[in-house]
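Please keep the sequence and the model side by side as you read.

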Amino acid sequence: MILQFNVFHVTRQLLLVAKMDLYATNPGPIDDSVLYDQDKHVSSAVWEGQERGALRCHEHTSKLDQWTLTSKQVELVKKAGFGYLRLIPAISLDNPLISALVERWRRETNTFHFTVGEMAVTLEDVAYLIGLPIDGEPVIGVTYTTCEAVCLKFLGKAPDSGYTSGGMVKLSWLKETFSRCPEDASTEDIERHTRAYLLYLIGSTIFSTTTGNKVPVMYLPLFENFDQAGKYAWGAAALSFLYRALGNASLKAQSTISGCLTLLQCWSYYHLNVGRPKLNHDPMHECFPFVLRWKGKQSGPTSNRDVAFYRKALDTLKPSDVEWCPYTDINQNVIPEEIKRNLNLGRSKTMLICFDKAERHLPDRCLRQYGMHQPIPEDVLRWERKSRGVDGGIDLSGKMESELSEWSDRRLHIVEGDEDVDDSEYMQWYLGITRKLVGRPIPISSEFQRMVNLCLDLLSATTSFHILGPGWEFQLLKWTLPLFLMDSVGKLLTLQSFCNVGTSHERTKNMNAALRDIAHLADTLPTHGMDEQQIYSVTRIRYIVHECLRDQVGSSTIMVNSENELVKRVRGKQRVRRKGAGKRKRKDDSEQCNVAEEDAQSQLCVTAVVLDAVAVDQSGLCNVGDEVENSQLRIPATDGDDVQLCDDPPSVVDDSQLCQMASEVDDSHFRHSADEVDPIKKCNSQPSHAAIEVVPQPSLETSNGVAQPSDCSVLV
């Protein structure tokens with residue numbers, strides 16, 4: 001009993017070490033009540049080793065300078081509210097920086113989740129950086145599925161079918177047709193050319209899409225009257241469009257992003273000391289809008305800055321790297337009065353609207369950007385993200401009543417600060433609900449080996465367990481090896497409590513529940529970033545845990561795909577090596593199986609294995625047995641490799657002939673060489689105690705014939 005207590009004590013200590021280590025590397029969120037869509041977020045894929053690279057950034061500003069506007073056109077553009085936006089030149093986009101920022105964006109809160117707290121591109125930033133009006137009527141109207149009628153009405157011309165797609169028209173057609181307005185043009189023609197320019201301007205900047213160089217024609221009716229166009233809240237619409245684009249791009253499967261990316265990138269330059277080029281201090285750059293500060297060729301190192309570089313910088317972001325209020329030191333005299341009048345709306349907690357894109361503006365989550373202390377914010381009400389109707393002629397105003405109501409009350413919900421707030425309380429709360437890390441501090445392959453080493457340390461504590469009864473070492477092996485699969489401290493504690501808590505029946509029940517959880521994790525474990533030896537280790541551990549579960553349940557059937565896609569991938573790599581090295585030579589003795597060639601119609605056998613007992617030592621793990629019943633055993637052939645086929649095997653097998661269904665486990669390195677793992681392998685290390693029953697199964701045809709490995713099922 002003293003020995004048993006000591007061993008359990010060692011095991012408990014090792015489990016506690018594992019628990020603390022998991023806490024140290026847990027990227028969060030610990031409390032998922034705020035970031036409830038974490039499993040859909042790109043950061044989950046990155047953590048599992050699934051890199052998607054830099055996003056394709058869609059802005060089409062490179063040809064804006066090819067438009068020639070007359071003085072009359074410029075006046076109309078100013079009336080429509082785009083006098084400052086038209087001054088912004090094409091700014092080279094840093095795709096890796098934008099991609100790293102997207103990995104930090106959370107559509108649940110419409111904020112960036114950095115290590116220092118939440119931040120966001122706000123209405124105030126829109127007003128300062130690109131000079132669009134942030135107050136006014138919501139940008140909403142009627143949808144269209146064709147272009148001809150609306151273009152004829154507002155532009156006087158309709159594009160050919162090759163320039164349209166549904167309710168969208170190509171930017172190239174607008175530029176080719178309307179980029180130069182004749183000096184002697186009529187008022188009607190001037191207005192038509194100006195509408196075409198405005199549609200091109202917003203389609204290449206604030207409302208750029210991921211569909212290529214196209215823009216929806218639904219914006220054209222808003223430019224029918226230029227004075228009325230100037231009354232729309234174009235800045236709020238631009239921010240709503242950007243929020244939606246960020247939210248979509250933050251999902252795992254996305255590879256592109258659109259919206260006003262110049263706004264996003266320059267916002268980062270002003271607020272974060274990450275990837276920021278040296279600022280031009282020429283007095284000519286002290287002008288409005290403030291994006292112009294980054295006009296011209298940017299200086300500073302930009303080579304070798306990929307997504308991983310920026311991701312690491314954001315994962316280690318310090319408070320000293322953040323400019324919470326970057327506009328305070330800028331000459332306020334250059335800010336137009338119409339912009340100053342509405343800056344207080346930058347703190348409005350409201351709904352931003354751009355046709356069907358309604359997004360929440362939540363300045364209460366980033367009050368430090370307004371020079372205020374940050375309290376714990378209110379919970380975010382979930383809202384339905386609506387999509388544009390597919391039918392033409394639909395006025396979205398009837399479908400967005402609640403959103404439009406929130407926008408109409410925008411001045412009633414301007415957030416005020418509180419001087420008595422302690423920011424430390426917010427940070428303590430924030431660290432529990434946020435995703436602290438996007439990139440792994442330790443590569444996934446190193447993490448795998450580290451956890452395997454922990455499992456082996458646990459195994460070393462079992463060297464005296466033979467006193468506790470036959471097979472105890474193997475049972476503990478089955479409990480400990482899958483530990484690296486666990487992403488929950490609760491499952492660790494379940495295994496720990498099994499060792500020393502409750503009645504015998506309760507302990508068995510707890511163990512079975514834990515094993516089922518581990519089996520599920522083993523079956524769904526992502527292996528991106530692992531090498532072939534580690535993939536084989538995963539496959540072996542999957543086999544062990546299912547065997548352990550079979551031993552405990554005793555009467556159910558568990559199907560185990562030990563020759564699954566992971567093994568297929570590794571075997572494919574083996575075949576490439578074997579073709580270069582030639583066929584493997586095998587001993588030609590009487591105890592070996594006959595060599596057989598399988599053709600493209602060969603049968604894939606599903607093998608049923610029944611193990612009565614097993615034994616384990618410190619150097620290897622074998623399945624042992626005395627008898628093998630007569631049956632047919634077929635193994636699919638692999639390219640460039642002779643295959644051993646056992647026909648009518650003897651009913652009695654001595655130690656030298658003993659076959660083992662899995663690879664050996666080395667307790668110092670836990671490595672399985674791909675060339676050492678065969679579906680049937682000799683084992684000479686232990687006396688035999690198990691009976692192995694081999695049952696033939698129906699054949700399956702594969703398109704690759706003998707190159708495909710078989711599926712292996714455990715029958716209990």
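A nonpolar core is a set of buried Ala, Val, Leu, Ile, Met, Phe, Trp, Tyr and Cys residues joined through side-chain atoms within 4.5 Å, where buried means under 20% relative accessible area, exposed over 50% and partly exposed in between, for a 1.4 Å probe and protein chains only. This is a predicted model, in which local features need pLDDT of at least 70 and side-chain atom pairs count only at pLDDT 80 or more, while totals for chains, interfaces and linings use all residues. Residues are numbered from 1 along each chain as its sequence is written, and side-chain values use heavy atoms, with hydrogens and water left out.

Which residues touch the most other members of the largest nonpolar core? In this core of 115 residues they are Phe82, Phe114, Ile130, Leu174, Ile206, Tyr219 and Ile257. The most is given to this core by helix H10 (residues 234–249), with 11 residues; helices (H or I, at least four residues) and strands (E, at least two) are DSSP runs, numbered from the N terminus. Leu174 shows what such packing looks like, since leaving aside residues up to four places away in sequence, Leu174 touches Trp67, Leu155, Val169, Ser179, Ala196, Leu199, Tyr200 and Val215, with contact meaning heavy atoms within 4.5 Å. A second, separate core has five residues, among them Val34, Tyr426, Tyr430 and Ile433.

Next come the aromatic rings. Rings of Phe, Tyr and Trp (its six-membered ring) pair if their centres lie within 6.5 Å, and planes under 30 degrees apart count as stacked, over 60 as edge-to-face and the rest as tilted; by this rule there are 26 aromatic pairs. In one of them, the rings of Trp105 and Tyr243 have centres 5.2 Å apart and planes at 40°, so the pair is tilted. Because Trp105 lies in strand E2 (residues 105–106) and Tyr243 in helix H10, this pair ties together parts that are 138 residues apart in sequence. Both Trp105 and Tyr243 are buried. Ring pairs also link Phe82, Phe207, Tyr219, Phe223, Tyr232, Trp234, Phe241 and Phe355 into a cluster.

Finally, consider the cysteines. With a disulfide taken as a pair of cysteine sulfur atoms within 2.5 Å, the count comes to zero. Cys181 counts as buried because its relative accessibility is 6%, whereas Cys325, with a relative accessible area of 27%, is partly exposed.
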